[in-house]
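Welcome! Take a look at the structure first.

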Amino acid sequence: MIDIPSSSRRSVLTGGVTTLSAAGLVALLGGSVPAAARKADLPAQDAQLLNAALALEHEGIAAYQIAAQSGLLSPDVLKVGITFQSHHKTHRDDLAAAIGRLGGVAATSKPIADYAASLGAGALKTQTDVLKLALRLERGAANAYLGLIPSLQATEFHVLSARLAGDEAFHAAVLGNVLNEPIPQQAPIFG
Amino acid sequence: MARATFRAATRALTLAAAMAVSGAAFAGAGLPRGDAVRGVDLYQAKCGACHSLDSNRVGPAHRGVVGRRAGRVADFRYSKALSASHIVWTPANLDRWLRAPTVMVPGTMMGFRVSSPQERADIIAYLAQNPSRR
């Protein structure tokens, strides 16, 4: 399945194998990763995954900032949006702290104009447009955190990811209610 | 020029093969037949927090991913592990990836897993329906 160039294939066969981590080699060969190798790569792998989650939070914070500055939100909705943004800032700080404990370097946010472009903010014309975007992002984030849990090695990060998923699901529920979306008839709703 | 033509032809053949596999032959590979219509909603719900078809966000843009080499979207910063992986995103490889990305490519930044084989097949079928515009 994996296309290994002939030179790489040769190096694997002639001793280049020592340049691969044990986990990488075993994965390349399609087997399971031995516990010792997995343990050795554990902090770095978890830090990588948490950094992707941090990038997601940076985007969420930017999205609420764009919404707040759009002039499209009523005062009541704006207040809720600012509260949700503060939750995402707490998530950001929790993730950055976890990455730091693992010896990683926390990802920084991009300029807000970059987020506006990638989220298609120019197409937002009404409060409903903004709320639909927020709902899509929050719903996706709840699923993202749940789908991340099996890949995280450390139990403390399983808990962290589950807690963040809960917050995102709460946000999605509130936004769905404001948009008069029907209550999902089938459970589980997320994951 | 000839090399560029060869590359284009190879890419077209890879994509055609990948799209064929995403249909009837997909089931032949031991994978469920994907439904691109279900895949639209699943893509939004499961992948949409980080990915879009046409924008690099937390993850790279997905248009044209089926048949593409991993780590090749312009202006997206990949992990070293994925950049060096030499993986081609065939439907079978996408299925392995979505099942457990950190097992397939240790060191990747993507940890999100889709546990349901049918949901993976539906998402892959949707992606196969959105080839590169070039």
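Where chain A and chain B are in contact (heavy atoms within 4.5 Å), 31 residues come from chain A and 29 residues from chain B. This is a predicted model, in which local features need pLDDT of at least 70 and side-chain atom pairs count only at pLDDT 80 or more, while totals for chains, interfaces and linings use all residues. Residues are numbered from 1 along each chain as its sequence is written, chains are lettered from A and ligands numbered from 1 in the order in which they are written, and side-chain values use heavy atoms, leaving out hydrogens and water.

**The interface**

- The size of an interface is often given as the accessible area lost when the parts come together.
- Here the buried area (accessible area, 1.4 Å probe, that two parts lose on being put together, summed over both) is about 2500 Å², and carbon and sulfur atoms give 55% of it.
- One salt bridge (a side-chain nitrogen of Lys or Arg within 4 Å of a carboxyl oxygen of Asp or Glu) is found across the interface.
- Its partners are Arg57(B) and Glu59(A), whose closest N and O atoms are 2.7 Å apart.
- On the side of chain A that touches chain B, helices H2 (22–28), H3 (35–68) and H6 (127–148) of chain A each supply at least two residues; helices here are DSSP runs of H or I, at least four residues, numbered from the N terminus.
- H6(A) gives the largest share of that side, nine residues.

**The cavity**

- Rolling a probe the size of a water molecule over the atoms shows where empty space is left.
- The structure holds one cavity of 30 Å³ or more; a cavity is a set of points, on a 1 Å grid over the protein atoms alone, where a 1.4 Å probe fits but cannot get out, and lining residues have an atom within 4 Å of a point.
- Of its 20 lining residues, Glu59(A), Gly60(A), Ala63(A), Tyr64(A) and Leu137(A) lie nearest the centre.
- H3(A) provides the largest share of the lining, eight residues.

**The backbone**

- Most residues other than glycine have a negative phi, and most peptide bonds are trans.
- The peptide bond from Ala187(A) to Pro188(A) is cis, with omega near -5 degrees.
- Asn180(A) has a positive phi, near 60 degrees, and lies in the segment after H7 of chain A.

Definitions and conventions: On a 1 Å grid over the protein atoms alone, a cavity is a set of points where a 1.4 Å probe fits but cannot get out, and a pocket is an open set with protein on both sides within 12 Å along at least five of seven lines; lining residues have an atom within 4 Å of a point. Grid points are joined across faces, edges and corners, and a volume is the space filled by probe spheres set on the points.
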